[in-house]
Amino acid sequence: MTAGAGATVRTVLDTGGGLVRRQVEVPAGARHAGAAGPGGELCFVIEGAGQLSSVPAPGRPVRPGTGVWLPPGTSYSLAATGPGPLRLDSVLLPASAPGAEPDGTEPDGAGGPLLADLAEQPAEITGDRQFRVLFAPGQGCAAATQFVGEIPPGRAPFHSHTYDEVVLVLAGEGVLHAGDEDRP
């Protein structure tokens, strides 16, 4: 994602292996143009209202709780249409993201940006936790999963993943237990 006129793009994580997390802020009335990287890009709108446009798709509104899947190489433009800034979290995926088709879509996908509204996703419950999946293999994006979860007070058992995991805390606070380290 590249910064457009007036937009601020701040990298908060760069693994050096193609996985990059950024915070993007587009001031009211401004526009941000970019192109998804070689592995595609998942975005989540945190605050504000805007319009997402791309060559294969007409302009569509985005608001808090909107998930966006941009297949690899998709050129797009985001315009902040609200009275305040449009803020979103963006994760660029590595080109070698498992399960991705060469164009980053599902095997039967139509290509172009896809939008998912958090409020329209069914709640899935696992133990005392619940989550809503915006994108996943079989659900619009073969390369990665994007979901919003609610974690109650308590501690999950130690576990590991065979894949990268990026976490954005939208509300509340907690502690990450990683090995012998505890981080707020």
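Tutor: With a definition: buried means under 20% relative accessible area, exposed means over 50%, and partly exposed is what falls in between. The model is a predicted one.

Student: Why is valine 12 called partly exposed?
Tutor: Its relative accessible area is 32%.

Student: What makes Val12 part of a nonpolar surface patch?
Tutor: Nonpolar side chains are joined within 5 Å; here Val12, Leu13 and Val166 make a patch of about 180 Å².

Student: Where in the chain is valine 12 placed, and what does it touch?
Tutor: Valine 12 belongs to strand 1, residues 8-14. Leaving out residues up to four places away in sequence, valine 12 touches Arg21, Arg22 and Gln23. The C-alpha atoms of valine 12 and arginine 22 are 5.5 Å apart, although 10 residues separate the two along the chain.

Student: Which residues have the most contacts inside the largest nonpolar core?
Tutor: Val26, Val62, Leu78 and Leu86, in a core of 16 residues. Strands 2, 4, 7, 8 and 9 each give two or more residues to this core, and strand 8 gives the most, with 3.

Student: How do you know that leucine 78 is in contact with Val26, Val62 and Leu86?
Tutor: Contact requires heavy atoms within 4.5 Å. Beyond its neighbours within four places in sequence, the contacts of leucine 78 include Val26, Val62 and Leu86. Apart from this core lies another, of 14 residues, among them Leu42, Phe44, Ala116 and Ala144.

Key. Residues are numbered from 1 along each chain as its sequence is written. This is a predicted model: local features need pLDDT of at least 70, side-chain atom pairs count only at pLDDT 80 or more; totals for chains, interfaces and linings use all residues. Side-chain values use heavy atoms; hydrogens and water are left out. Patches are made of residues with over 30% relative accessible area and no salt bridge: like charges are joined within 9 Å, nonpolar side chains (Val, Leu, Ile, Met, Phe, Trp, Tyr) within 5 Å. Accessible areas come from the Shrake-Rupley method with a 1.4 Å probe; for residues, only the protein chains shown count as cover. A salt bridge is a side-chain nitrogen of Lys or Arg within 4 Å of a carboxyl oxygen of Asp or Glu. Helices (H or I, at least four residues) and strands (E, at least two) are DSSP runs, numbered from the N terminus. Buried means under 20% relative accessible area, exposed over 50%, partly exposed in between (1.4 Å probe, protein chains only). A nonpolar core is a set of buried Ala, Val, Leu, Ile, Met, Phe, Trp, Tyr and Cys residues joined through side-chain atoms within 4.5 Å.
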